[in-house]
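Me: I am new to this one. Please show it, and then take me through it step by step.

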Amino acid sequence: MATKETVEAYMAVWNETDEDKRRALLAKVWAAGAPYTDPMAHAAGAEELVALVSGFHTQMPGAKIVQTSAIDEHHGRLRFGWAMKGPDGSTRMEGIDVGELAEDGRLRSILGFFGPLPAA
């Protein structure tokens, strides 16, 4: 699978409110046991990520996560920008995800950062 398709499907996971559909999307793009980590949460594997996204939808009903940059990729690693949009389309948070790709093109890990880089 091409990296662009992998990231698009991963982003769709965050916007999918149906757990079964979310699970099906992850099966295509998430390597077995792959971790997701951000400043507020850690999920070890697809089932924990499915539950984490459920919590996101419960806490932020109507919010969407959208990709805000192209994918920067080298040596099996990638990064891209994203924003969380409220139901009214306003930006509630921005961040960046850094990931690692498995040999088959699925995501081996995602590490998320919230907000802009801190000042030097």
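Reply: Helices are DSSP runs of H or I with at least four residues, strands are DSSP runs of E with at least two, and both are numbered from the N terminus. This is a predicted model, in which local features need pLDDT of at least 70 and side-chain atom pairs count only at pLDDT 80 or more, while totals for chains, interfaces and linings use all residues. Residues are numbered from 1 along each chain as its sequence is written, and side-chain values use heavy atoms, with hydrogens and water left out.

Me: In which loop is the place of glycine 76?
Reply: Leaving out residues up to four places away in sequence, glycine 76 touches Gly99, Glu100 and Leu101, where contact means heavy atoms within 4.5 Å. Its C-alpha atom is 11 Å from that of serine 109, 33 residues apart along the chain. Glycine 76 itself sits in the loop between strand 4 and strand 5.

Me: What is the relative accessible area of glycine 76?
Reply: Buried means under 20% relative accessible area, exposed over 50%, and partly exposed in between (1.4 Å probe, protein chains only). Glycine 76 counts as partly exposed, because its value is 28%.

Me: Is histidine 75 buried or exposed?
Reply: Histidine 75 is also placed in the loop between strand 4 (72–74) and strand 5. Although not a glycine, histidine 75 has a positive phi of about 50°. With a relative accessible area of 74%, histidine 75 is exposed.

Me: What is the relative accessible area of tyrosine 10?
Reply: Tyrosine 10 lies in helix 1. Beyond residues up to four places away in sequence, tyrosine 10 touches Val29, Trp30, Tyr36, Phe80, Asp97, Leu107 and Ile110. Tyrosine 10 is buried, because its relative accessible area is 1%.

Me: How are helix 1 and helix 2 oriented to each other?
Reply: Two packed helices are described by the angle between their axes and the distance between the axes. Axes are lines fitted to C-alpha atoms, for helices over the stretch in contact, and angles run from 0 to 180 degrees between N-to-C directions; under 35 degrees counts as roughly parallel, over 145 as roughly antiparallel, 65 to 115 as roughly perpendicular and the rest as oblique. The axes of helix 1 and helix 2 come within 9 Å and cross at roughly 155°. The two helices are therefore roughly antiparallel.

Me: Which residues of helix 2 make the contact with helix 1?
Reply: On the side of helix 1, the contact is made by Thr6, Ala9, Tyr10, Ala12 and Val13. On the side of helix 2, the residues are Arg22, Leu25, Leu26 and Val29.

Me: How are helix 2 and helix 3 oriented to each other?
Reply: Helix 2 (residues 19–29) and helix 3 have axes that come within 10 Å and cross at roughly 135°. In helix 2, Glu19, Arg22, Arg23 and Leu26 meet Ala46, Glu47, Leu49, Val50, Val53, Ser54 and His57 of helix 3. The two helices are therefore oblique.

Me: How many charged residues has the contact of helix 1 with helix 3?
Reply: Helix 1 and helix 3 pack at an angle of about 50°, with their axes 8 Å apart. Val13, Trp14 and Asn15 of helix 1 make the contact with Leu49, Leu52, Val53, Phe56 and His57 of helix 3. Ala, Val, Leu, Ile, Met, Phe, Trp, Tyr, Cys and Pro count as nonpolar, Asp, Glu, Lys and Arg as charged, and the others, Gly among them, as polar. By class, this contact of helix 1 with helix 3 has 6 nonpolar residues, 2 polar and, as for charged residues, none.
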